[in-house]
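Here's a guided look through one model, taken a piece at a time. Keep the viewer open as you read.

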Amino acid sequence: MTDRPATSPGWLHRITDSDIWWSFKSSSLTVVAAVGTLLIVVIAFLSPVLAPHTPFDPATLSLSDGLKPPVLLSPDGDWAFPLGTDDQGRDILSSIMYGTRLSLVVGFASVVVAMTIGIALGLISGYFGGAIDALIMRIADVQLTFPAILVALLIDGIVRSVISVQRHDEIAVFVIVGAIGLSFWVQYARTVRGSVMVEKNKEYVQAARVIGLSPLLIMVRHVLPNVTGPVLVIATINLGLAIITEATLSFLGVGLPSTEPSLGTLIRLGNDVLQSGDWWITVFPGITLAALVLAVNLLGDWLRDALNPKLR
Amino acid sequence: MLAFILRRLLQSIAVLLTVGLVAFSLFRYVGDPINSMVGQDTPASEREALRERLGLNDSPPIQFLRFIGNAAQGKFGLSYRTSEPVGRMIVERMPATLELSFCAAVFALFVGVPMGVYTGLYPKHWSSRLMQAVSLIGISLPTFVIGILLILVFAVWLHWLPSFGRGETVMLFGWWPTNFLTVKGLQALILPSITLGLFQLTLLMRLVRSEMLEVMRTDYIKFARARGLTNRAVNFGHALKNTLVPVITVTGLQLGALIAFAIVTETVFAWPGVGQLFIQSVQFSDIPVMAAYLMLIGLLFVLINLTVDLLYFVVDPRLRSQGGAARVAGH
């Protein structure tokens, strides 16, 4: 990961020459999923430039624009608000663009947190073995007994009782990233540990040990690069899960606050007015969320099959 | 076989004790239990007396043992939010969650498995491909989005089914409010059960399909056909029966997931179950309720896992012989 020379221009060429690239090109569904994911990511991150409105700046809102239906489905629509507005007069399209950006950032950051914790504990567990391995793996076993969403909810609840409500809203993003990260580390740790136990008896590791390198250096520089394949697969599959988990927490009202809404928060706000028939406020963010997760899941499925030597 | 069951029992107890330790640490060290029980102007001497009376000055191992002992009797203290006994709050809400999870599991099993068998037997048929594509979407749609869409279509637009609450319930044995005995109660169950069970349905369908595809290629299926057995006997008596071990594993694990995801479904449909209670306790940092819920879910999961392990012996006669146990342990 810290290996700089590997990212030289020859890297790109190596990718286009590889089996993986060939397998990617030959699966049209995967190409569609990749293009879809890329499109959503680019639009979300350019939302300050592309979004027609700044939905969470109260100064630009007008209540007289409230509850406008989508323009193509009703004569009451307004082209200034193509997907309609919510009860505060916020443009749904712009809210979705900003919300998707936040969902992506939180999802990605929590995958990085989970991956870092998992890889570190997996390396330690596999490399040193013994009592420390037993301890880490037993903790992993107990945590696996519970679904990740429950662990994340519990961590969030504990943080809430330690700090004040106002402070919690300020650092909500970090709490959520930490909670989701801590609930998904087990899979990485188990995979890395398994691979490390195979790798550590190979000659290159013994050679590194003989020339007197420190365990940390051996683990990070020599063992880690050889276990990245499976870790990458888990990370891609977990990205979809992390996005869903964040959305679910926000929907339940224990995630991101409504001043800083992600897709899940938008769906919750829309759900509050669903009974009066204003469906577009909640349905469009829901469709965006589903499309994003579907595209990421398709990529993850493909990557898992492409890197699985048994299926070649 | 006996040694295997004993080992599994010991492991389950270890898991339960660990969960108990987490719940105890939550209860004892996150926030001060005394602060939440007395007013702000209570003098320090009175606080100290209460502390002594509640045994909070004893050594941590003794406190932990007492916590476990109380938990085993269903005593989890008073809720910080409502000042009611936590044990009673959970018992009152448990039937709602169990009935919902049961219906969702029945829905997932009785629709998912046949769909899996069908798509596994006729993988090239257009309807199989359609089911396969729909199941991919089903896996990607988060539970709460499914719930909201169902409410929108069947409650808000069509007015066919209620969108929140349990409808009418009848008391069974004087303490178990049930949905099953009234029309309104049954109607109220439909949308939440579908919402909760849909993910498990798609999962089961995909699992049964891939297992069936694998089994249908084996020699004993060809041989069964050669013997002139009917399609039904081959498909269900020979093929489906041999896909059951992974199906039982996944069903068991997913039963636990159902009860956990009931949290989301109960919030969407304002279903008065334990999941809703747990969400409220997270929002209000009501630690005793959180600790009790954690213990309860831990117990349920351990019981489910044990049952699944025992069921292996029922469906797979190979395991009843000596040495088979080691193979299941590696599952």
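**Two domains, two chains**

Start with chain B, where the C-alpha centres of domain 1 and domain 2 lie 34 Å apart. The domain assignment puts domain 1 of chain B at 2-72 and domain 2 of chain B at 86-330; such bounds come from an automatic or database domain assignment.

Some ground rules before going on. This is a predicted model, in which local features need pLDDT of at least 70 and side-chain atom pairs count only at pLDDT 80 or more, while totals for chains, interfaces and linings use all residues. Residues are numbered from 1 along each chain as its sequence is written, with chains lettered from A and ligands numbered from 1 in the order in which they are written.

Back to the domains: 14 residues of domain 1 of chain B are in contact with 13 residues of domain 2 of chain B (contact means C-beta atoms, placed from the backbone, within 7 Å). On the domain 1 side, helix α1 (residues 2-29) of chain B supplies the largest share, 11 residues. Helices here are DSSP runs (H or I, at least four residues), numbered from the N terminus. That side of domain 1 of chain B divides into 10 nonpolar, 3 polar and 1 charged, where Ala, Val, Leu, Ile, Met, Phe, Trp, Tyr, Cys and Pro count as nonpolar, Asp, Glu, Lys and Arg as charged, and the others, Gly among them, as polar.

Now zoom in on α1(B) and helix α12 (residues 287-315) of chain B, which pack at an angle of about 170° with their axes 9 Å apart. Axes are lines fitted to C-alpha atoms, for helices over the stretch in contact, and angles run from 0 to 180 degrees between N-to-C directions. α1(B) and α12(B) are therefore roughly antiparallel (the cut-off is over 145 degrees). Among the residues making this contact are Val15(B) and Leu16(B) of α1(B), and Leu294(B) and Met295(B) of α12(B). By class, the α1(B)–α12(B) contact has 16 nonpolar, 3 polar and 2 charged residues.

Between the chains, 34 residues of chain A are in contact with 31 residues of chain B. On the chain A side, α7(A) gives the most, with 10 residues, and that side divides into 21 nonpolar, 11 polar and 2 charged.

How far to trust all this? The predictor gives the complex an ipTM of 0.78 and a pTM of 0.82. Chain B has a mean pLDDT (the predictor's confidence in each residue, from 0 to 100) of 80. Over residues 323-331 of chain B, though, pLDDT stays under 50. Where pLDDT is low, the predicted coordinates should not be read in detail.

Definitions and conventions:
Contact = placed C-beta atoms within 7 Å. Helix = DSSP H or I, 4+ residues; strand = E, 2+ residues; numbered from the N terminus. Parallel < 35°, antiparallel > 145°, perpendicular 65-115°, else oblique.
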